[in-house]
Amino acid sequence: MTVRQSSKRRDPIKSEVRPKDPAAAKRPPAAPRRLKPAVVEEIFRRFHERDPEPRGELEHVDPYTLLVAVVLSAQATDAGVNKATRKLFAQASTPEAMVALGEERVRELIRTIGLYRNKAKNVVALSERLIAEHGGAVPPSRAALELLPGVGRKTANVVLNTAFGEPTIAVDTHLFRVGNRTRLAPGKTPLEVELGLEKAVPAAYARHAHHWLILHGRYVCKARKPECWRCLIEDLCPFEPKTPAPTA
Ligand code: SF4
């Protein structure tokens, strides 16, 4: 009598118990690709609760001085830019006065900032352009701003947000890092992170998201060692490993 093998019988090779990968067991579970909307909402609720009116740190008195300060801030610290602009704006705080001051003098006044030669040239050239094409005013439009010498997407976004109250998000090195670590908006390029944040941030928080995230990246979620132990959103952030509090 032939005994038919049950079709349910397990293949001894396939059913072999494979040895577990000890490294995989130690690995933390993969972080979610993006945060759930309720988590994003809670993150910004906490940022808002702690600091309802966040401010940038570049000193300025109007859209023009803000524009100049932001142009000077590429690859420089805000503190370094403020030190230079205090001297510069004391002599020229309008496009007309900047053109009259001239490139050589502007160069001397900002020589403590990196790339100062090129920046002096751009500051005078953009001032000339503002006078010639915009009646000496800073245009509240991304397209018009990006046509000015030395002004790219990031600078235009800062000016639109800070001077004109638009819900734009300028992705600098801090925002790029925070967007990726927190998974608020993971992306390989600043533009990808910017567009991801625009989509993720709830409308009620869009106006100030830029400043909350930049200040968070600058003072808490630092590049080399994020200070997770004192982070407001530590329980919501999937980044691992978290930095523990320093021991005395
Ligand atoms: S928990 Fe750590 S990694 Fe996450 S946002 Fe806070 S400081 Fe950054």
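Two residues are in contact here if their C-beta atoms, placed from the backbone, lie within 7 Å. That is the sense of packing used for helix α3, whose buried residues pack against α4, α5, α7 and α9 (153-162). The views below come from a predicted model.

**View 1. The whole chain is a run of helices.** The protein has twelve helices and zero strands, so the pattern along the sequence reads simply α-α-α-α-α-α-α-α-α-α-α-α. Of its 248 residues, 31% count as buried. Take the contacts with a separation of 6 or more: residues 24 or more positions apart account for 54% of them. On confidence, the mean pLDDT is 90, and 87% of the residues reach 70 or more. The stretch to handle separately is residues 1-19, where pLDDT stays under 50. For that stretch the model has one contact beyond four places in sequence.

**View 2. Helix α3 is mostly covered.** Nine of the ten residues of α3 are buried. The buried set runs through Tyr64, Thr65, Leu66, Leu67, Val68, Ala69, Val70, Val71 and Leu72. As for partners, these buried residues pack against α4, α5, α7 and α9.

View 3. Phenylalanine 89 belongs to helix α4 (residues 78-91). It counts as buried because 20 C-beta neighbours fall inside 10 Å, and the cut-off for buried is 20 or more. Val68, one of the buried residues of α3, makes a handy reference point. Phenylalanine 89 and valine 68 are 21 residues apart in sequence, and their C-alpha atoms are 9.6 Å apart in space.

**View 4. Helix α7, end to end.** Helix α7 takes in residues 116-134. Its 19 residues, at 1.5 Å a residue, should span 27 Å, and the end C-alpha atoms are 25 Å apart, so the two values agree. Buried along α7 are Lys119, Ala120, Asn122, Val123, Val124, Leu126, Ser127 and Leu130. Those buried residues pack against α3 (63-72), α5 (95-101) and α6 (103-109).

**View 5. The shell around the ligand.** The ligand is surrounded by 13 residues. Closest are Cys221, Pro226, Cys228, Cys231 and Cys237. By class, the shell splits into eight nonpolar, one polar and four charged residues. An unreviewed UniProt entry carries the annotation "binding site" for Cys221, Cys228, Cys231 and Cys237. Although these four are spread over 17 residues of sequence, they cluster in space, with a largest C-alpha distance of 10.9 Å.

**View 6. Two of the annotated cysteines, Cys231 and Cys237.** Cysteine 231 sits in the segment after α12 (206-219), and cysteine 237 lies in the segment after α12 too. Cysteine 231 is partly exposed because it has 18 other C-beta atoms within 10 Å. Cysteine 237 has 22 other C-beta atoms within 10 Å, so it is buried. Leaving out residues up to four places away in sequence, cysteine 231 touches Val220, Cys221 and Cys237. With neighbours within four places set aside, cysteine 237 is in contact with Arg181, Thr182 and Cys231.

View 7. Most residues other than glycine have a negative phi, and most peptide bonds are trans. Glutamine 75 is not a glycine, yet its phi is positive at about 50°. This residue is in the loop between α3 and α4, and it counts as exposed because 9 C-beta neighbours lie inside 10 Å. Arginine 183 is another residue other than glycine with a positive phi, near 65°. Look for arginine 183 in the loop between α10 (173-181) and α11 (190-200). With 20 other C-beta atoms within 10 Å, arginine 183 is buried. Finally, the peptide bond joining glutamate 240 and proline 241 is cis, with omega about -5°. Proline 241 is found in the segment after α12.

Methods:
Residues numbered from 1 in each chain as written. Predicted model: local features only at pLDDT ≥ 70, side-chain atom pairs only at ≥ 80, totals over all residues. Near = placed C-beta within 6 Å. Nonpolar A, V, L, I, M, F, W, Y, C, P; charged D, E, K, R; others polar. Helix = DSSP H or I, 4+ residues; strand = E, 2+ residues; numbered from the N terminus. Buried ≥ 20, exposed ≤ 12 C-beta atoms within 10 Å, placed from the backbone. Expected span 1.5 Å × (residues − 1). UniProt positions renumbered as here; feature names shortened; annotations may be inferred. pLDDT = per-residue confidence, 0-100.
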